[in-house]
Amino acid sequence: MKKTIIVETEKCLGCKTCELVCAVQHSNTKNLELAVFEQPTPVPRRKVEYINSVIISDGCHHCEEALCVSACMSAAMYKDVDGTTQHNEEKCVGCNMCIMVCPFGVIKRKGNVVVKCDLCKGRENGPACVESCPTKALKVSMQLQQIS
Amino acid sequence: MKRYVIIGTSAAGVSAAEVIRKLDKTAKIIMVSDENYPVYSRCLLSYYLANDIPEEKLKYRDEKFFDQNSIDPVLGKKVVKIEPQKKVVLLEDGSKIEYDTLLIATGARAKLENIPGKEKYGVFGLRTISDAKQINTRLNKTKTAVMLGGGLIGLKAAYAVHKRGTEVVVVVKSPHILSQIMDSEPAEIVQKHISQKGIQIQTNLAAVEILGSNQEVEGVKLENNTVIQCELIIVGKGVQPNIELVKDTEVKTNYGIVVNEYLQTSVDNIYAAGDVAESNDLISGNLTINALWPNAVIQGKIAGYNMVLGNTKKYDGTLAMNSVEFFGLPVITCGVTKQKDETIEVLVTKNENKPVYKKFFIKNGVLIGFVLIGDVEQAGVYNSLVRKKVDITKIKESLVSEKFDFAKILPLVNANKEKFFEPEYCEIV
Ligand SMILES: Cc1cc2nc3c(=O)[nH]c(=O)nc-3n(C[C@H](O)[C@H](O)[C@H](O)COP(=O)(O)OP(=O)(O)OC[C@H]3O[C@@H](n4cnc5c(N)ncnc54)[C@H](O)[C@@H]3O)c2cc1C
Ligand code: SF4
């Protein structure tokens, strides 16, 4: 199975709700009013991007052949048993090797380590961005993975 | 039951072993290494030396890696020769290991310069955990350390030793540091930043002799006849592939072991991957070794597939790319990073105050390389353009824009579906 988040560009208005809830969800306090005071500042793992009139909300695609996992020299970036690409901040040394190869540019720096979408692992209602998107432009997708 | 033997337990060897085990649950897999240490990441050695991470964190795989994958490890034993006709590898102690298919992932070793006095105690390369531990011990007796070489290893070592409270001088033969991976303008930004943090850099100077009585380092003499008093010297003058084990065999070598697009050597059942393997460069197409961790991991993986399934997976070529961060200043380079001739177009954007510096190299409408300093977050998107070799003329302006991100290349992705074929590109609908 491949698990990831799909974005429908036609529905995305660029309101950045996903960025906001993502940053809060991954903050220490998980509370908007308090999170803004945290150091280092909470970082969203999705990014609203645009070209001409096309708007997308992009985040980790949990690539089948994850280049970040191959590039990570400390094994902080790894493939989980469910096929998602996960990151262990404890092991990360902040070398940016993963940033160097991520084709979507969705690995972000936070203090001395990097952060990325973890599909809100362990969150009961699934990814916070998907749940909160007002136009339902985001959805979790499960595809059968090709055996390569 | 097939017998796979892998020489080398580092980046390339480990990724190959994992793929082989995934594809063949019953095969016998034997891994040989002359290092008697669990699987570790040598890239982290400078962090370890700096005391940024404890020894425990050098481990790149669980202690039980060999057990978990039912691999027979043969550690602390050097392979001295392979005999392709007999399909055996010979170990230093005289023992033999038979194989059906062999992977040579012996990597490379630090080049020690041919300089008088280099055998004195206190001169080290930084390649293995044993090097790092010896440097550690020597640091107790060190007031000043000299790095010979202003490349990535020299500078990483300089950072580490400086962090340990030692005075550091980097001696660089070239006119500027990082001369292998960038030209003078960006290098000077990095040089200025490092110097401000207290690391001394002396350029345009070669070391001519290592001084010291009692076989211990006491100083280094430079070509201008000055002497730097020091107790420790770390040599960062590049690496040399470990190919001696195939000498006088049918396995073809050049600088490294020559492999085809399947990572196969000139002998059918022998593959090579990682720092030891010379393969086609993704940009120039010439046989090259880009001795880098990500290349070693991916090569190991592809070699593993092909060793089990026959030559089914092609390697698209090795790519020069580097990422480092010196005292909070991130630097990423990729592909061609110098303007070799007029056919290469160069785009630059900079902000000296931050500092931010970005330089792009374009040939025949294709991005062939870049240097990013200060702001590196979109490096991977640029990197994908280099790898996919698409015409970027349409989006050239946005390359240098502060707002560059994946969305800006969407028109190229949509116009070149055959090149952006990975399923992930279909997840934006
Ligand atoms: C300090 C340092 C920092 C680095 N930083 C980076 C970085 O930031 N980014 C990056 O991309 N790369 C970096 N590198 C380079 C990276 O470590 C190498 O590209 C990578 O380790 C290559 O992996 P490999 O498996 O090909 O070979 P190696 O890691 O060299 O491993 C070779 C293996 O083969 C074994 N071996 C060799 N000869 C024999 C023999 N005759 N018999 C038995 N066993 C043998 C060795 O013991 C070892 O296990 C760094 C290297 C160093 C030393
Ligand atoms: S920054 Fe962290 S996760 Fe990324 S490659 Fe380096 S160690 Fe791995």
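Q: Is Arg138(B) buried or exposed in this model?
A: Arg138(B) counts as buried, because its relative accessibility is 4%. The model is a predicted one.

Q: Which side chain does Arg138(B) meet in a salt bridge?
A: That of Glu216(B), at 2.8 Å from N to O. Glu216(B) counts as partly exposed, with 29% relative accessibility.

Q: Where do Glu216(B) and Arg138(B) lie in chain B?
A: Arg138(B) is in helix 4 (residues 129-139), while Glu216(B) is in the loop between strand 13 (207-211) and strand 14 (219-222), so the pair ties together parts that are 78 residues apart in sequence.

Q: Which residues do salt bridges with shared partners join into one network?
A: Lys47(A), Glu49(A), Asp405(B) and Lys408(B).

Q: How many salt bridges are there over all chains?
A: The count comes to 31. One of them is between Arg61(B) and Glu18(B), whose closest N and O atoms are 2.6 Å apart. That pair links distant parts of the chain, 43 residues apart: Glu18(B) sits in helix 1 of chain B, and Arg61(B) in the loop between helix 2 (45-49) and helix 3 (65-68).

Q: OK, ligand next. Which residues are closest to ligand 1?
A: Ser10(B), Asp34(B), Arg42(B), Arg127(B) and Lys156(B) are the closest of the 33 residues that surround ligand 1.

Q: Why is the site shared between chains?
A: Because residues from chains A and B surround ligand 1.

Q: Which helix of chain B gives the most to the shell around ligand 1?
A: Helix 7, with three residues.

Q: What lies 2.6 Å from an oxygen atom of ligand 1?
A: A polar side-chain atom of Arg42(B). Also, a polar backbone atom of Thr9(B) is 3.2 Å from an oxygen atom of the ligand. Ligand 1 taken alone exposes 1,000 Å², and the protein buries 95% of that.

Q: Back to Arg42(B): which side chain meets it in a salt bridge?
A: Glu35(B), with 2.9 Å from N to O. Arg42(B) counts as buried at 19% relative accessibility, and Glu35(B) is buried with a relative accessible area of 19%.

Q: And Arg21(B), where is that?
A: Arg21(B) is in helix 1 (residues 11-23) of chain B.

Key. Residues numbered from 1 in each chain as written. Chains lettered and ligands numbered in written order. Predicted model: local features only at pLDDT ≥ 70, side-chain atom pairs only at ≥ 80, totals over all residues. Heavy atoms only, no water. Helix = DSSP H or I, 4+ residues; strand = E, 2+ residues; numbered from the N terminus. Near = heavy atom within 4 Å. Polar contact = N/O pair within 3.5 Å; in protein donor to acceptor, adjacent residues only side chain to side chain. Areas by Shrake-Rupley, 256 points an atom, 1.4 Å probe, with all protein chains shown as cover. Salt bridge = Lys/Arg side-chain N within 4 Å of Asp/Glu carboxyl O. Buried < 20%, exposed > 50% of the residue type's maximum accessible area, 1.4 Å probe, protein only.
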